[in-house]
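Thanks for taking a look at this one with me. Here are a few notes to read alongside the coordinates.

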Amino acid sequence: MPRPDEPAAPPAGFPVPPPGVPAPPPVPARPLVEVAPGVHVATSQVWASNAVVVAPVPGGGDAPGNAPRNVPGNVLGDVLVVDPGVTAAELAGLAAAVTARGGRVVAGASTHPHWDHVLWHRALGTAPRFAAPAAVATLAADRQRAWRDAAEVDPALDPEVFGGLTPLPAEARELPAPAPGGCAVVVHDAHAPGHLALVVRGVLLAGDMLSPREVPLLDVGHDGEARPAPPDPVGDHRAALDRLAAAAAEHGVEVLVPGHGPVVRGRGAIADLVAADRAYLDALEREAAGGPAVADPRLADAWVAGEHARQVRHLRARRGAPGG
């Protein structure tokens, strides 16, 4: 151990300066908010994006491979990291937070192939980063454009670890080892192909679905994306809501963590959000067919309103309706 007057060794993964070169200032650890036993959320200042760290529960049996693992309550142990962040500083801060709590990243997961959900940092290590096979294939076909979008937001992001995803086994019902056991998998094709949700200890990690701050964002393509939009993005979204609602009921979900926006607590509040998203889809189709404009409080946000208008235009163009 270092003497009290000696600097502590940097966390694994952080660069060590050569002799004689002053060490960089320590990376501030991101705050982790525990929303359920061993399930911690770090919220970004960018788009209110939520990173999630899943740690073993003291005395629980959900360590990698489902082997029992006794971990002191203030020590994270071997963890899963889901959608870790948006900026290089936040990614480093998440790694610092895990290290400061005695954690070691043994697995990662990306909920879907959009650039802000496939980021990583070398300080998080070289653990496998799981994603649905369709998401892995979608990103591989569009990696150059996705990286350009990421670098435009933060040029300090690392291209060498961007999008390094491992496809889940076909028909997987849980994340495989070395991820903590008990992370149930729900895969659908709303918002993006191979959209992955996880359910662990009564918490639904929903990716870019079921957000209190965003209306349902359909898979209608992105600027510059070569992949065509699917034939029925509204139907895909309805089917995904059904699957997520069924998973929430099956696993007794009490907490919802969306990809962007505040955490939702309570079965009633989660059911209300599912109902609001279903109502939005119905109203969206009516507006696209020439009916009244959608009235949804989430459209008060200018960016969300712009995405809604784009969805209306897309549906009208597909159907040849007036105003398309």
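**Notes on the model**

1. The buried residues of α1 are covered by elements that include β2, β3, β4 (77-82) and β5 (103-109). Buried here means under 20% relative accessible area, with exposed over 50% and partly exposed in between (1.4 Å probe, protein chains only). Helices (H or I, at least four residues) and strands (E, at least two) are DSSP runs, numbered from the N terminus.

2. A word on the source: this is a predicted model, in which local features need pLDDT of at least 70 and side-chain atom pairs count only at pLDDT 80 or more, while totals for chains, interfaces and linings use all residues. Residues are numbered from 1 along each chain as its sequence is written, and side-chain values use heavy atoms, with hydrogens and water left out.

3. Back to α1, which spans residues 88-100: 10 of its 13 residues are buried, so the helix is largely enclosed by the rest of the structure. Among the buried ones are E90, L91, L94 and V98. From first C-alpha to last, α1 reaches 18 Å, close to the 18 Å expected at 1.5 Å a residue (1.5 Å times one less than the number of residues). Just after the helix, G102 has a positive phi of about 70 degrees.

4. Do have a look at S49, in the loop between β2 (39-43) and β3 (50-54). S49 counts as buried because its relative accessibility is 7%. Its side chain makes a polar contact of 3.0 Å with that of H260; such a contact is a pair of N or O atoms within 3.5 Å, where within protein one must be able to donate a hydrogen and the other to accept it, and residues adjacent in sequence count only if both atoms are side-chain atoms. Not counting residues up to four places away in sequence, S49 also touches V86 and G259, among others (contact means heavy atoms within 4.5 Å).

5. Which residues have the most contacts inside the largest nonpolar core? They are L204, M209, L210, L244, L256 and L284, in a core of 35 residues. A nonpolar core is a set of buried Ala, Val, Leu, Ile, Met, Phe, Trp, Tyr and Cys residues joined through side-chain atoms within 4.5 Å. α5 (267-288) is one of the elements that give two or more residues to this core, and α5 gives the most, with 8. Another core, of 24 residues, lies apart from it and includes L80 and V257.

6. For the chain overall, there are 6 helices and 12 strands, and 52% of the 324 residues count as buried.
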